[in-house]
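My notes follow the structure.

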Amino acid sequence: GDIYAIATDDEFVYIGGWRTQTVKKLKKSDLSQVAESADYGGAIEAIAIDDEFVYVGGTTTRTVKKLNKSDLSQVAESANYGGDILAIAVDDNYVYVGGGTTRTVRKLRKSDLSQVAESANYGGVIRAIAIDDNYAYVGGWTTRTVKKLNKSDLSQVAESANYGGEIEAIAIDDNYVYVGGGTTRTVRKLRKSDLSQVAESANYGGYIYAIAADDEFVYVGGATTQTVRKLRKSNLSQVAESANYGGPIYAIATDNEFVYVGGGATPPIKVIENRDLIKIIRRYQ
């Protein structure tokens, strides 16, 4: 079934999506499956990881579940978010979650997933959350802006201009925020300090659903065009493009060598050399 979420560590890839509604743990080396969680109870829309645990959220069940990385057994579960969970981010001590209906960011203790803070209503469905040491960057539908929130109490400190369409994906580095979505269909580079725009990519050609970043480049994927594009961070000019994935791209993760791509194609996971995006190294059936 379609893959909506991917996370990676040094050795493994963690995936989730629709149809099976479980988290699967795959070896990076050959994409063989080594563990699978119990059924989440709905489509899995978001996955985040730390050194020991996997945090997963989605539809229908609408809770965050904390799983042991080793065997994907459940160790904690949050209260019901009140709507579909579409975005999760984690730091050393907390989990930040957002989605539909409720449309707020909730800050949960990692230990037991109890709530410690909640933001004001974003004004639309929250589709993306990224965090750094002090702030959370949030984007979504209707409002169509990136909001910068204090992690301490989730109060707002800055807001970007309107993206011009639904915001579906956010990635960050030390100084900038990279955002993409619908209608406008470009990647915009914003200053973290005040969320002012400093660069914009060419039109992707379809909705942008996924963005990942490394030290020098941004990798972007989505619908219609259905390729991964590699953009220079400096000016968002394109330096490489993959072959057509074969369906809409919903999730991208990257490490020093490869880009891990998931979505609505068969096979659903492809691993591509990130150097030039030409060579497909592995496929997961």
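I looked up Gln 21 and found it buried, because its relative accessibility is 19% and the cut-off for buried is under 20%. The model is a predicted one, I note. Gln 21 sits in the loop between E2 and E3. Its phi is near 60°, a positive value in a residue that is not glycine. I wrote the general rule beside this: most residues other than glycine have a negative phi, and most peptide bonds are trans.

I then turned to Leu 195. Phi is near 65° here, again positive in a residue other than glycine. Leu 195 belongs to the loop between strand E19 (188–191) and strand E20 (197–200). Leu 195 counts as buried because its relative accessibility is 2%.

Which two residues does a cis peptide bond join? I found Thr 266 and Pro 267, with omega about 0°. Pro 267 is in the loop between E26 and strand E27 (269–273).

**Salt bridges**

I next went through the charged pairs. Side chains of opposite charge can pair when their charged atoms come close. The count for this model is 14 salt bridges. I looked up several of them.

I started with Asp 9 and Lys 69, which form a salt bridge with their closest N and O atoms 2.9 Å apart. The two residues are 60 apart in the chain, so the pair links distant parts of it. Asp 9 is in the loop between strand E1 (3–8) and strand E2 (12–17). Lys 69 is in the loop between strand E7 (65–68) and strand E8 (74–77). Both Asp 9 and Lys 69 are buried.

Lys 28 and Asp 255 came next. Their side chains meet in a salt bridge at 2.8 Å, N to O. This pair also links distant parts of the chain, 227 residues apart. I placed Lys 28 in the loop between strand E3 (24–27) and strand E4 (33–36). Asp 255 lies in the loop between strand E25 (249–254) and strand E26 (258–263). Is Lys 28 buried or exposed? Lys 28 is buried, because its relative accessible area is 11%.

The partners are 22 residues apart and link distant parts of the chain. Glu 166 is in the loop between strand E16 (156–159) and E17. Arg 144 is in the loop between strand E14 (135–140) and strand E15 (147–150). Glu 166 counts as buried because its relative accessibility is 16%. Arg 144 is partly exposed, with a relative accessible area of 25%.

I also noted a network: Glu 273, Arg 275 and Asp 276 are joined by salt bridges that share partners.

**A charge without a bridge**

I checked Glu 45, in strand E5 (residues 44–49). Glu 45 is buried yet has no salt bridge. What is the nearest side chain of opposite charge? I found Arg 127, 4.2 Å away. Setting aside neighbours within four places in sequence, Glu 45 has contacts including Tyr 4, Thr 59, Ile 85 and Arg 127.

**Negative patch**

Last, I looked at the surface. Asp 51, Glu 52, Asp 92, Asp 133, Asp 174, Asp 215 and Glu 216 gather there in a patch of negative charge. I picked out Asp 174, in the loop between strand E17 (167–172) and strand E18 (176–181). Asp 174 counts as exposed because its relative accessibility is 70%.

Note on methods: Residues numbered from 1 in each chain as written. Predicted model: local features only at pLDDT ≥ 70, side-chain atom pairs only at ≥ 80, totals over all residues. Heavy atoms only, no water. Patch = residues over 30% accessible without salt bridge, like charges linked within 9 Å, V, L, I, M, F, W, Y side chains within 5 Å. Areas by Shrake-Rupley, 256 points an atom, 1.4 Å probe, with all protein chains shown as cover. Salt bridge = Lys/Arg side-chain N within 4 Å of Asp/Glu carboxyl O. Lys, Arg positive; Asp, Glu negative; His and termini not counted. Charge placed at Lys NZ, Arg CZ, Asp CG, Glu CD. Helix = DSSP H or I, 4+ residues; strand = E, 2+ residues; numbered from the N terminus. Buried < 20%, exposed > 50% of the residue type's maximum accessible area, 1.4 Å probe, protein only. Contact = heavy atoms within 4.5 Å.
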